[in-house]
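Please read the following briefing beside the sequence and the structure. The points are grouped by topic.

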Amino acid sequence: MDKAVDDFIHAGSLSEIKAKGMALVRGGPTPILVVHDGGRLFALDNRCPHLGFPLNQGSVEDGILTCHWHHARFDLSSGCTFDLWADDVPTAEVRIDGDEVWVSSRLQPAGGAGRWRQRLHDGMSHNISLVMGKAILAGLDAGASPRDIVAAAADYGVRNRDGFDVGMTILTALGNIIDRLPEDEAFLALFHGVRRVAADCAGEEPYQSSGPLLDADLDGRTLKRWLRQWSDVRHRTAAERTLETMISSSRPWGKIVDGVAAAATDRHYGDTGHSLDFVNKALEAAELVGHDRALAILPTAIDQMVRARGGEESDSWRHPVDLVALADAGWERVCGRLPDPAGAGTYEAHADLAGRLLGDEPDEIVSALEQAAGEGARAADLAQALAYAAALRLARFGTANEFSDWDTAHHVFTHANALHAILKRLDEAGDPYPDATAGVFAGAMALYLTRFLNIPPAGMPGEDGRPLDDLPKAADELLDRLLATFDRQARVSEAARLTSRYLLLGHDPEKLIVVLARALLREDAGFHAYQNLEAGVRQFDAWGPGDEGRHILVAVARFLAAHSPTERAAYQTADIALRLHRGGELHEEEGA
């Protein structure tokens, strides 16, 4: 046989391999182990799929190959493992020509290239991060898009946990920004999203659909009214059935968004903003994987929504000033007077409005929203200004505050970002008076309650009178310095200065976003860090690369710096999966 034909490599003579029991073949992308056992020949990747230990240093008995590092065992004929944490060994075709043995350099995963979905499911169901990482890489190699993998993980998540939670939110947040990330960061984003969904589902009860009202002949207004009513009285099953009826009756997507958002904003800043953010992420998850899956995804967000406690149930919202009454009165005066999106002009005073929303008098804050509505601001405009104001709270967060107060400021930002996303959808759908606009007034009161976090305010680099000339000018050097900053604890000011310097010099913001994503994705990050990055990127897109966009990315950099570094254990697992996938011999590298 010609060595070049079909990429087959000469493995040696059959008689020699029989005598030795195995042979190690080099010459292809990775070493291949050829084993003679029970009168048959088998060829497998010589790297243990767990951590890359050379399998030729293992042992064979009764058709089972055992790796001696962590005692993982594999079926010689298929490469399948008996120990799921180890994953399967890719195999290679063997041909015999007389007394000569040839093996293909093209390793094939057990079950073929299309088996990645099953391996992803196996990894998620047993909560094995390494298997998940390798399944993601196998899927990408097999032609699956990142969105296909997000869809597969989302399908698992909504079926195997009773309610939309942290994992699904992280998966969706990362899915929203994955298209702008380079290959390695995109893999890490998928890895973290998938593993967090799996962790959320481990040991949990599966979701049980309540099912729509069968053969119901109901108009959209009635269904929306019922959904709000059932949410108000915390009747989860009734709310789920009503929402499932809205979806199954093929209501326009804008009407479904309107109904769910109205119910979610009936509570003032429910569950410190998480309630609306989860609802928005459930909507975005359906948009990522296709509206046809909305029936499986959206109802899972109902449980958290109906259980949420609102500001109206909190003493701090009632005394010494009744912020609930202020917010409600302001919305009632604006309701029905917002400009029609079809005929409205362009509102351009978002930044000025944001400044007024950061004021110290709650009645003046409400008046500012009312005045903006009278000047032509649409619902989405009000929410965009609120999101920028909330980002400024983070950008100016005083580090003398307790560490947990980062989250207090963060919650307002992600709540406002969710509001903006929802109201923008409704704006584009042509709804001039969305009920969810009430959430802007409640969000403005939540922003007011966090005013103490900016006493005193941190300086805005480049605007606080302190020069940045001590920092480099070159884009790559600034980005390298920024990434290194996240290797040291609590370098909040340094991260802000480098970010401002980079943007003030007019460098490409997309490269900065990639570095911020890289800084996050290598950490064992908490839930809020993922939310923060995605919300910052979305708001930067809304504002552009001017001063406001710079302030928003400064806020993101400061928040990430405050929460870095971590142990990076998950990153190590992802790196092992990636290096094994690319043909690395990890065990030999370690010993080199």
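What follows covers strands and hairpins, a pair of packed helices, and some backbone features in loops.

This is a predicted model, in which local features need pLDDT of at least 70 and side-chain atom pairs count only at pLDDT 80 or more, while totals for chains, interfaces and linings use all residues. Residues are numbered from 1 along each chain as its sequence is written, and side-chain values use heavy atoms, with hydrogens and water left out. Helices (H or I, at least four residues) and strands (E, at least two) are DSSP runs, numbered from the N terminus, and two strands pair if DSSP finds at least two bridges between them.

- Strand β3 (residues 32-37) is largely enclosed by the rest of the structure, because five of its six residues are buried; buried means under 20% relative accessible area, exposed over 50% and partly exposed in between, with a 1.4 Å probe and protein chains only.
- On one hand, β3 pairs with strand β2 (residues 22-25) in the antiparallel sense over four bridges, and Leu24 has Leu33 in β3 as its bridge partner.
- Six residues lie between β2 and β3 in their hairpin, where Gly27 in the turn has a positive phi of about 125°.
- β3 is also joined by six bridges to strand β4 (residues 40-45), again in an antiparallel arrangement, with Val35 opposite Phe42 in β4.
- The hairpin of β3 and β4 has two residues between the strands, and Gly38 there takes a positive phi near 60°.

- Three strands make up an open sheet in the order β5-β6-β7, with antiparallel pairing.
- β5 (59-61) and β7 (73-75) are the edge strands of this sheet, each with a single partner strand, so one side of each is left without a neighbour in the sheet.
- Direction ignored, neighbouring strands of this sheet are turned by 25° against each other on average.
- Strand β6 (residues 64-66) runs antiparallel to β7 and is joined to it by three bridges, and Leu65 has Phe74 in β7 as its bridge partner.
- Strand β8 (residues 94-97) and strand β9 (residues 100-104) run antiparallel and are joined by four bridges, and the partner of Arg95 in β9 is Trp102.
- The hairpin formed by β8 and β9 has two residues between them, with Gly98 in the turn at a positive phi of about 70°.

**Helices α13 and α15**

- Helix α13 (residues 323-334) packs against helix α15 (residues 362-374) at an angle of about 15°, with the axes 10 Å apart; axes are lines fitted to C-alpha atoms, for helices over the stretch in contact, and angles run from 0 to 180 degrees between N-to-C directions.
- α13 and α15 are therefore roughly parallel to each other, a term for angles under 35 degrees, with over 145 being roughly antiparallel, 65 to 115 roughly perpendicular and the rest oblique.
- The contact (heavy atoms within 4.5 Å) involves residues including Leu323, Leu326 and Arg333 of α13 and Val366, Glu370 and Ala373 of α15.

**Backbone features in loops**

- His319 and Pro320 are joined by a cis peptide bond with omega about 5°, and Pro320 lies in the loop between α12 (302-307) and α13.
- Ser250, a residue other than glycine, has a positive phi near 60° and is exposed, with a relative accessible area of 64%.
- Tyr269, also a residue other than glycine, has a positive phi near 55° but is buried, with a relative accessible area of 11%.
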